[in-house]
Amino acid sequence: AANGGFPLDDSWIHQVYGRNLAQTGQWAFVPGIPSAASTSPLYTVLLALGYALNVPYTLWTHTLGALALWLAGVFGARLAERLLPENPSIGLVAGLALVLAWHLIWAAASGMETMLFSLWTLVLLTLAWQELDEPKGAGRAPFLRGVIFGVATALAVMTRPEIIGLAGLIGLVMLAVRPQNSWRPFLFWAGGAVLGFGVMITPYLALNLQLTGGLLPNTAAAKQAEYAPIIEHLSYPARLWEMFKPLFAGGQWLLVPGIIYFVIVVGRQIRIARNAWFYLLPVAWALALIALYAARLPAPYQHGRYVIPALPALIVSGVVGSAWMLRDGRFSLLGRVVSRALAVAAALGFIYFVFAGASVYSRDVQIIDEEMVRAAQWIADQLPPEERLVVHDIGAVGYFAPRFILDLAGLVSPEIVPFIHDKDRLWDWMQQHDARYLMAFPDQIPGKTTDDPRLCAVFGTGGTASPAAGGPNMAVYRLAWDGVCGD
């Protein structure tokens, strides 16, 4: 078996950046060549800490994920208790629903920043709702709470930049509702939030400006360019449905009636107290995140990993909404039967998918180990480091066979982003850089064909998990620019 342990090649990208940061102090995928292919600088720093402490990387990475999952359960439980304080078990139920949601378990064990991002969504909601507890007073208290919110938002943005959308929603509701009951404490809170965010986010923005000339990492432009054809040829409603579908593969789909009932109940509360707008934030944020990805990066693969961070807020809302259904349905036979049946089915669904998800996770890891890691280890053993190598999935190669890499996905070769779908220009670019070998799946090769005479196959992984799942095998090709492979 390969020395792997993650279900995504992108997980290895994080490991490369973390290891290089700890060992060389450089923000680089290839030592000596600074780059910004790490979407999550905060997660990279956390991984680097593990390397600096000489903790085995798999142990450290999975511990970070498990800790983030547990904390998400804690924060989710507190949010649920706030919404339904008269129910002594609601916090436990919500917390268990979060830590047993198989998407979140997968995210925690994925070696990605996804679970940390998911945790931050609950942290920001918690900090926002705390303003409802402090309706009076000015001076330092609201200012310090604002600073804390701003710092937390900056750290969250350094985990995934799109969480700025949640902070924006919170800011709009805060402005409209002003739970502090007057402009003065609100302005203190807002000023503290701006100050805390600005001070904390400045190094992140400065790093991106230095490395890319923009405010975001290379991955944003590269990923959007990669999925531009889908945006052009698939309608927005169809893309939106594609982003929702992976999230239904779990017990949480049985919480959908609870989520709907949650919105109805909170809507009624808004008529009585404007502060109830804050309680719509979890659902609004989740739907906004999914809508954003449908619009800009419609990538539903890998169990919808880009929109998994929408789940914690939806699960908390669904659990509370289901509890409200149980409470309100007890007055009629039909209400009791339906609400209790949904609650039991949801509980059983969560438990079932924990076990079903374990086999899915194991398969995902096996695919990465057999395809990306195995090919990377062959490269490390067989190809001289000075030979120019073109790769599409760069993570495992960067970790197991570190060398200068030409990246067909544009993460560490951002110059190809403008022509990432132009096969002729990609081939010219490869030749101009004197590329000697190519590692890719068939659909990652420029032109998406293995019949090109310039491709001379020298290694195939022979993995079994990917074909069993309907996928291809990874291959390494020697590039014959004269079109003659020879013996």
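The model is predicted, so local features need pLDDT of at least 70 and side-chain atom pairs count only at pLDDT 80 or more, while totals for chains, interfaces and linings use all residues. Residues are numbered from 1 along each chain as its sequence is written, and side-chain values use heavy atoms, with hydrogens and water left out.

**Exercise 1. Work out how far helix 17 reaches and where it bends.**

Step 1: Find the helix. Helices (H or I, at least four residues) and strands (E, at least two) are DSSP runs, numbered from the N terminus. Helix 17 covers residues 333-382, which is 50 residues.

Step 2: Check its span. The expected span is 1.5 Å times one less than the number of residues.

Step 3: Helix 17 bends by about 30° at aspartate 369.

**Exercise 2. Describe the sheet of 5 strands and find what packs on it.**

Step 1: Read the order. Two strands pair if DSSP finds at least two bridges between them. The open sheet runs 4-3-5-7-6, with mixed pairing.

Step 2: Find the edges. Strand 4 (405-407) and strand 6 (455-460) each pair on one side only.

Step 3: Take one pair. Strand 3 (residues 389-391) and strand 5 (residues 437-440) are parallel over 3 bridges; valine 391 has methionine 439 as its bridge partner in strand 5.

Step 4: With contact meaning heavy atoms within 4.5 Å, helix 17 touches strand 3, strand 5, strand 6 and strand 7 (475-479).

**Exercise 3. Describe the largest pocket and say which helix gives most to its lining.**

Step 1: Know the term. On a 1 Å grid over the protein atoms alone, a pocket is an open set of points where a 1.4 Å probe fits, with protein on both sides within 12 Å along at least five of seven lines; lining residues have an atom within 4 Å of a point.

Step 2: Give the volume, about 1200 Å³.

Step 3: Look at the lining. It has 42 residues, with His392, Asp393, Phe441, Asp443 and Gln444 nearest the centre. Helix 17 gives the most, with 5 residues.

Conventions. The bend at a residue is the angle between axes fitted to the seven residues ending there and the seven starting there. Axes are lines fitted to C-alpha atoms, for helices over the stretch in contact, and angles run from 0 to 180 degrees between N-to-C directions. Grid points are joined across faces, edges and corners, and a volume is the space filled by probe spheres set on the points.
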